[in-house]
Amino acid sequence: QVQLVESGGGLVQPGGSLRLSCAASGSIFSITAMGWYRQAPEKERELVAHITNGGSTNYADSVKGRFTISRDNAKNTVYLQMNSLKAEDTAVYYCNAVIATEIGDYDDWGQGTQVTVSS
């Protein structure tokens, strides 16, 4: 099985930066893509960024130009570099992995890490 552990969240001032990390363990060979989602108070969970094994990326419009997703296959870790943070970025951020099987793909999720942007 695949396990995901997030780290790097915390409190940061507007305009500041944070880097989130998500370490994968277990059957990592079956991972085809990884991403970050977030859920803010009073809002539904939404995609922040996504990256495939081939390096294709996708970002929410609200974070384009500010956030960068990357993956270190040697360390089995995906990162989310968050710059120019805004109060609206405050949310719990969840790591996601897409697992490929012969009967279809499924998602694994981390426990989440809190990001709070406030002065």
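1. Arg45 and two rings. In this predicted model, the charged end of Arg45 sits over the ring of Tyr94, 4.0 Å from the ring centre. The charged end of Arg45 also sits over the ring of Trp109, and there too the distance to the centre is 4.0 Å.

2. The aromatic pair. Searching the whole structure gives 1 aromatic pair. Its members are Tyr37 and Trp109, placed edge-to-face, with 5.0 Å from centre to centre and 70° between the planes. The angle is what decides the label, because planes over 60 degrees apart count as edge-to-face. Tyr37 belongs to strand β4 and Trp109 to strand β10 (residues 106-109), so the pair links distant parts of the chain, 72 residues apart. Tyr37 is partly exposed, at 22% relative accessibility. Trp109 is likewise partly exposed, with a relative accessible area of 35%. Trp109 therefore has two entries in this note: the ring under Arg45 and the pair with Tyr37.

3. The disulfide. The structure holds 1 disulfide, formed by Cys22 and Cys95, with 2.0 Å between the sulfur atoms. Cys22 lies in strand β3 and Cys95 in strand β9; the two are 73 residues apart, and the pair links distant parts of the chain. The torsion about the S-S bond is about -85°, which means that the disulfide is left-handed. Cys22 is buried, with a relative accessible area of 0%, and Cys95 is buried with a value of 0% as well.

4. The nonpolar core. The largest nonpolar core has 30 residues, and the members touching the most others are Met34, Trp36, Leu80, Met82 and Tyr93. At least two core residues come from each of β1 (2-7), β3 (18-26), β4 (31-39), β5 (46-52), β7 (67-72), β8 (77-82), β9 (91-99) and β11 (113-117). Strand β9 gives the most, with 5 residues. As background, nonpolar side chains in soluble globular proteins tend to be buried together.

5. Tyr93 in that core. Tyr93 is one of the members that touch the most others. With neighbours within four places in sequence set aside, Tyr93 is in contact with Trp36, Leu80 and Met82, among others. Further contacts of Tyr93 include Glu6, Leu20, Tyr37, Arg38, Val48, Phe67, Gly112, Thr113 and Val115. Tyr37, from the aromatic pair, is thus one of the contacts of Tyr93.

6. Arg66. What is in contact with Arg66, beyond its neighbours within four places in sequence? The residues are Gln81, Met82, Asn83, Ser84, Leu85, Lys86 and Asp89. Arg66 is placed in the loop between β6 (57-59) and β7. At 10% relative accessibility Arg66 counts as buried, because the cut-off for buried is under 20%.

7. The loop between β4 and β5. Both Glu42 and Lys43 are found here. Glu42 has a phi near 65°, a positive value in a residue other than glycine, and is exposed at 86% relative accessibility. Lys43 is also exposed, with a relative accessible area of 54%. From Lys43 to Ala91 the C-alpha to C-alpha distance is 9.3 Å, although the two are 48 residues apart in sequence.

8. Asn76. Asn76 is in the loop between β7 and β8. Is Asn76 buried, partly exposed or exposed? The relative accessibility is 27%, so Asn76 counts as partly exposed.

Conventions:
Residues are numbered from 1 along each chain as its sequence is written. This is a predicted model: local features need pLDDT of at least 70, side-chain atom pairs count only at pLDDT 80 or more; totals for chains, interfaces and linings use all residues. Side-chain values use heavy atoms; hydrogens and water are left out. A nonpolar core is a set of buried Ala, Val, Leu, Ile, Met, Phe, Trp, Tyr and Cys residues joined through side-chain atoms within 4.5 Å. Buried means under 20% relative accessible area, exposed over 50%, partly exposed in between (1.4 Å probe, protein chains only). Helices (H or I, at least four residues) and strands (E, at least two) are DSSP runs, numbered from the N terminus. Contact means heavy atoms within 4.5 Å. Rings of Phe, Tyr and Trp (its six-membered ring) pair if their centres lie within 6.5 Å; planes under 30 degrees apart count as stacked, over 60 as edge-to-face and the rest as tilted. A charge sits over a ring if NZ of Lys or CZ of Arg is within 6 Å of the ring centre and within 35 degrees of the ring normal. A disulfide is a pair of cysteine sulfur atoms within 2.5 Å.
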